[in-house]
Amino acid sequence: MRFYRSLWATSLAALLLRSAAAQEAEADRVLVQADRLPSAESSAPFAAVALDEERLRSAPQLRLDDLLRAEIPGFSLFRRNGSRAANPTTQGVTLRNFGPNGAGRTLVLLDGIPLNDPFAGYVLWSQVPPASLGSVLVMPGGGAGLFGNAALAGTIFLVTPPIAGNAAAAELSLGNENTSDASVAGAFVHGAVATAVFAERFATSGYPVLKPGRRGPVDNDASSDSALVVLRTEWQLEHDSSLRLVGRGFEEERGNGTTLTHNDTRGVDLSAVWTSQFPAKAAELQVSAYGQHRRFRSTFSSINATRDVETPALDQFNVPADAAGGSVVWTWAGTVGHRVTLGQDVRWVEGETNEAFLWNGTQFTRERQAGGRQLFTGIFAEDAWVFSDRLTMV
């Protein structure tokens, strides 16, 4: 495969404009913590792998799934192709080869909010570029039991960087195959309110998905074009309470390697997280709520053995999906060595697929519709009892 042979990047991180007043006034700082997220690799009661912001920024990979494949043992997507070329429906996450299929069996969270598609379960990796993240924590296996049935093979925590002060940054990467990746970020802190914005645009003319000897006239390069805009506002309500509001919009269009196969995805996410700390009790209460909307379209085809004739096979012309949910989590550092987590979460999803099929040579002659609704809710409790540096019972 022809991959990126030459890549150069220009970073304008020198645009950082930090406010001295924000650095000196401790009361103006906003601190927001994610729910049920170990703060570091050493604090996790089960095996975990952590990647910090420096690791994410210095990695040569442009897409997060390619970076995780290189850094996390056992991480893979359903297909060997990365998200730059693979159909979104095959971008489900697999850890340790557990439940490998298009949907995957791994839960992906961004600041505690699920990123898995509400209807199909896969992850659209273009909506989480590495430049927008502050850290990644991967917890494979049963150690992620607090997160319910969606985390059968583990959980991947994605965390955005904190808003530490006034700042601005821009980054541009260019490569062959008409590849470009541009992002801008800005943050503004005024008193108890902090606001941050991030925007990213990725485009590539792509590369062939088949070897030269197997290509035919119907084959072309697998292209991709995506855009993302994120707006965050964090408000320090009181000394020990804060509110975080996040709005995200993204879209992706891609060609899947032949003349008649392509797909596009559009989505909007809204979330709110209220956190209250109780220092006297060494406890924290966090309440979160979110809503998600997705719209997907995709076409498929059949190709003859010599790959010179391509026939439409399926047109998924309208695949909407919606989700809403939230959680309430109480964390308490009790007697010496104990850390107790109690909570409840709920997630409602609804989706359908509208498809045209049975091509008669000029048009599709049949249509079908499938879909449904699901409601998941659960309660959870965990006590991590640290006896010593070498022994922890959960």
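Modeller: Let us begin with one side chain, keeping in mind that the model is predicted. Trp-235 is found in strand 12, and this tryptophan is also one of the residues of a nonpolar patch on the surface.

Biologist: Is Trp-235 buried, partly exposed or exposed?

Modeller: A residue is called buried under 20% relative accessible area and exposed over 50%, with partly exposed in between. Trp-235 has a relative accessibility of 43%, and therefore the residue counts as partly exposed.

Biologist: Which residues form the nonpolar patch on the surface, and about how much accessible area do they have together?

Modeller: Besides Trp-235, the patch contains Val-193, Leu-237, Trp-274, Val-287 and Val-328. Taken together, these residues of the patch have an accessible area of about 470 Å².

Biologist: With which strands does strand 12 pair, and over how many bridges?

Modeller: Strand 12, residues 222-238, pairs in the antiparallel sense with strand 11, residues 193-207, and in that pairing Arg-201 stands opposite Ala-227. With strand 13, residues 241-255, the sense is again antiparallel, and here Asp-225 stands opposite Glu-253. Strands 12 and 13 form a hairpin with two residues between them. The bridges number 13 with strand 11 and 14 with strand 13.

Biologist: In what order do the five strands of the open sheet stand, and which of them are at the edges?

Modeller: The pairing in this open sheet is mixed, and the order of its five strands is 2-7-8-5-6. Inside the sheet, strand 5 and strand 8 pair in the parallel sense over four bridges, and Leu-109 stands opposite Phe-157 in strand 8. A strand at the edge has a single partner, so one of its sides is left without a neighbour in the sheet, and this holds for strand 2 and strand 6.

Biologist: Which residues of helix 3 are buried, and what covers them?

Modeller: Helix 3 covers residues 64-71, and its buried residues are Leu-64, Asp-65, Asp-66, Leu-67 and Leu-68. The cover over these buried residues includes helix 2 as well as strand 2, strand 3, strand 7 and strand 8.

Biologist: What is Leu-158 in contact with, leaving aside its neighbours within four places in sequence?

Modeller: Leu-158 is one of the core residues that touch the most other members. Its contacts include Leu-64, Val-108, Leu-109, Leu-110, Asp-111, Leu-115 and Val-128. Also in contact with Leu-158 are Leu-133, Ser-135 and Val-136.

Biologist: In the loop between strand 9 and strand 10, is Asn-178 buried or exposed?

Modeller: Glu-177 lies in this loop and has a positive phi of about 60° although it is not a glycine, while its relative accessibility of 16% places Glu-177 among the buried residues. Asn-178 is found in the loop between strand 9 and strand 10 as well, and has a positive phi of about 55° without being a glycine. With 61% relative accessibility, Asn-178 counts as exposed.

Biologist: What separates the C-alpha atoms of Glu-171 and Glu-200?

Modeller: Glu-171 lies in strand 9 and is partly exposed, with a relative accessible area of 25%. Along the chain, Glu-171 and Glu-200 are 29 residues apart, and the separation of their C-alpha atoms is 9.4 Å.

Biologist: Finally, what percentage of the residues of the protein count as buried?

Modeller: The protein has three helices and 19 strands, and exposes about 19600 Å², of which carbon and sulfur atoms supply 57%. Of its 394 residues, the part that counts as buried is 45%.

Technical notes:
Residues numbered from 1 in each chain as written. Predicted model: local features only at pLDDT ≥ 70, side-chain atom pairs only at ≥ 80, totals over all residues. Heavy atoms only, no water. Buried < 20%, exposed > 50% of the residue type's maximum accessible area, 1.4 Å probe, protein only. Contact = heavy atoms within 4.5 Å. Pairing = 2+ DSSP bridges. Patch = residues over 30% accessible without salt bridge, like charges linked within 9 Å, V, L, I, M, F, W, Y side chains within 5 Å. Areas by Shrake-Rupley, 256 points an atom, 1.4 Å probe, with all protein chains shown as cover. Salt bridge = Lys/Arg side-chain N within 4 Å of Asp/Glu carboxyl O. Core = buried A, V, L, I, M, F, W, Y, C linked by side-chain atoms within 4.5 Å.
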